[in-house]
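Thank you all for making the time this morning. I would like to walk through one structure with you, and I would ask you to keep the sequence and the picture open while I talk.

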Amino acid sequence: MKPVILSAFAAVTPVLAGFDSWAPPGPYDVRAPCPMLNTLANHGFLPHDGKHISKKETENALFDALNINKTLGSFLFDFALRTSPKKNATHFSLNDLGNHNILEHDASLSRPDAYFGNVLAFNQSVFDETKKHFTADIVDLQMAANARMARILDSRAINPNYTMSDLGDSFTYGESAAYVAFMGDKNTGTANKSRIEWLFEHEQLPQHLGWHRSAETFQQGDLTRLMDVIRNLTKASFPQEFAARMRKRTISHWGFN
Ligand code: HEM
Ligand SMILES: *[C@@H]1O[C@H](CO)[C@@H](O)[C@H](O)[C@H]1NC(C)=O
Ligand SMILES: *[C@@H]1O[C@H](CO)[C@@H](O)[C@H](O)[C@H]1NC(C)=O
Ligand SMILES: *[C@@H]1O[C@H](CO)[C@@H](O)[C@H](O)[C@H]1NC(C)=O
Ligand SMILES: *[C@@H]1O[C@H](CO)[C@@H](O)[C@H](O)[C@H]1NC(C)=O
Ligand SMILES: *[C@@H]1O[C@H](CO)[C@@H](O)[C@H](O)[C@H]1NC(C)=O
Ligand SMILES: *[C@@H]1O[C@H](CO)[C@@H](O)[C@H](O)[C@H]1NC(C)=O
């Protein structure tokens, strides 16, 4: 009797969770503008339906899959809560993260601007623009800086409603740091291009390309250091664009910069 019940249940949501388990979202599952959180839900590290995610679930998922320090996991969860439409929320759902101009911002690497389309859905033509800047088999932080700026310049040119808050700007650095660090090596700041592309395009951990969970815990200081490197490279490569952003800068929001 029990296996029958389990297999009926598996049609709705996978019973197994982890590196050996993966299923794309079903029709009642929700997903985020974040390729990694979607990936973790597809693997079942986060609830496969993407809904009602607690702090503990977030900390454990980020730790179990990616060896992210749980204090950093908690810090990131607190940002996610701000996107919930509920007052005093204690949980968030992945689609909450798409609520425009809270965390979600224009000039994403793989999603259209809210002005043009669905910010939750991966968009191949947008990501193809990003990929043009991955000019070698090993992607480094300079390429990540170039790709980030290319998307900003493109959005500014074509989106009459282009908006980028200071928090959004900080997030763009963090996201660029994150795909390099988590698909590659946080110490060298490099990652195999095929793994990065697989993550975005399939929302699956690229284990068949040799990816595995890092043995070293990823700390908040790793994130701020990598963001700082990309920011410095951006300043050096695009001095006018960088200065324009700084002139707009007011106070840093919530200490995330
Ligand atoms: C609780 C933890 C996390 C939260 C709340 C979160 C939230 C978000 C949000 C709101 C976005 C959308 C920004 C946009 O408008 O483009 C985003 C994008 C992104 N996130 Fe996450 N994220 C988390 C963890 C991670 C991790 C661990 C990675 C590691 C690779 C990651 C990688 C990315 C990347 C690369 C993007 C940019 C996607 C794009 O520009 O198309 N995130 N994340
Ligand atoms: C996690 O980070 C906090 C501070 O950010 C630090 O005190 C703690 O030692 C770290 N834990 C691990 C296991 O690395
Ligand atoms: C939210 O929390 C605040 C402060 O703790 C409280 O005053 C308020 O009543 C709460 N709102 C709801 C809708 O629970
Ligand atoms: C348009 O810009 C305004 C002001 O920056 C912003 O509040 C709004 O969310 C934007 N809407 C879209 C669809 O981009
Ligand atoms: C992807 O984005 C492009 C440019 O913003 C848009 O023209 C296209 O319709 C989008 N494709 C999908 C499938 O949404
Ligand atoms: C990147 O990963 C692929 C798949 O494992 C591998 O074939 C390729 O040699 C790697 N490239 C580099 C430069 O390490
Ligand atoms: C970034 O540039 C600032 C100012 O030049 C410098 O103090 C800082 O050490 C640099 N950070 C990194 C990580 O290279």
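Predicted model: local features only at pLDDT ≥ 70, side-chain atom pairs only at ≥ 80, totals over all residues.

Let me begin with the aromatic side chains, where a search of the whole structure finds 11 pairs. One of them is formed by F134 and Y179, whose ring centres are 5.9 Å apart and whose planes meet at 55°, so this pair is classed as tilted. F134 belongs to the loop between α5 and β1, while Y179 belongs to helix α7, so the contact ties together parts of the chain that are 45 residues apart in sequence. How accessible are these two residues, buried or exposed? F134 has a relative accessible area of 3% and Y179 one of 4%, and because the limit for buried is under 20%, F134 counts as buried, as does Y179.

Another tilted pair is made by F182 and F218, with 4.5 Å from centre to centre and 45° between the planes. Here again distant parts of the chain are linked, since F182 sits in helix α7 and F218 in the loop between α8 and α9, 36 residues apart. Both F182 and F218 are buried. To return for a moment to F134 and Y179, these two are also members of one aromatic cluster, together with F122, F127 and F200.

Turning to the charged side chains, the count of salt bridges comes to 15. K56 and E59 form one of them, at 3.3 Å from N to O, and they lie three residues apart in helix α3, which separates them by about one helical turn. K56 is exposed, at 54% relative accessible area, whereas E59 is buried, at 9%.

A salt bridge of another kind of reach joins K131 and E201, with 2.6 Å between N and O. K131 is in helix α5 and E201 in helix α8, so this pair ties together parts that are 70 residues apart in sequence. E201 counts as partly exposed, with a relative accessibility of 27%.

Which residue forms a salt bridge with R148? The partner is D169, and the closest N and O atoms are 2.9 Å apart. This pair links distant parts of the chain, with D169 in helix α7 and R148 in helix α6, 21 residues apart. D169 is buried at 4% relative accessibility, and R148 is buried at 3%. Salt bridges with shared partners join R148 and D169 with D166 and R245 into one network.

R148 also brings us back to the aromatic residues, for it lies over the face of Y173, 3.7 Å from the ring centre. The charged end of R231 likewise sits over the ring of Y173, at 4.9 Å from its centre.

Now to the iron atom of ligand 1, for which C34 is the only protein donor, through SG at 2.3 Å. C34 is found in the loop between α1 and α2.

Key
Residues numbered from 1 in each chain as written. Chains lettered and ligands numbered in written order. Heavy atoms only, no water. Phe/Tyr/Trp six-rings, centres within 6.5 Å; stacked < 30°, edge-to-face > 60°. Helix = DSSP H or I, 4+ residues; strand = E, 2+ residues; numbered from the N terminus. Buried < 20%, exposed > 50% of the residue type's maximum accessible area, 1.4 Å probe, protein only. Lys NZ or Arg CZ within 6 Å of the ring centre and 35° of its normal. Donors = N, O, S within 2.8 Å, 3.2 Å for Na, K, Ca; no water. Salt bridge = Lys/Arg side-chain N within 4 Å of Asp/Glu carboxyl O.
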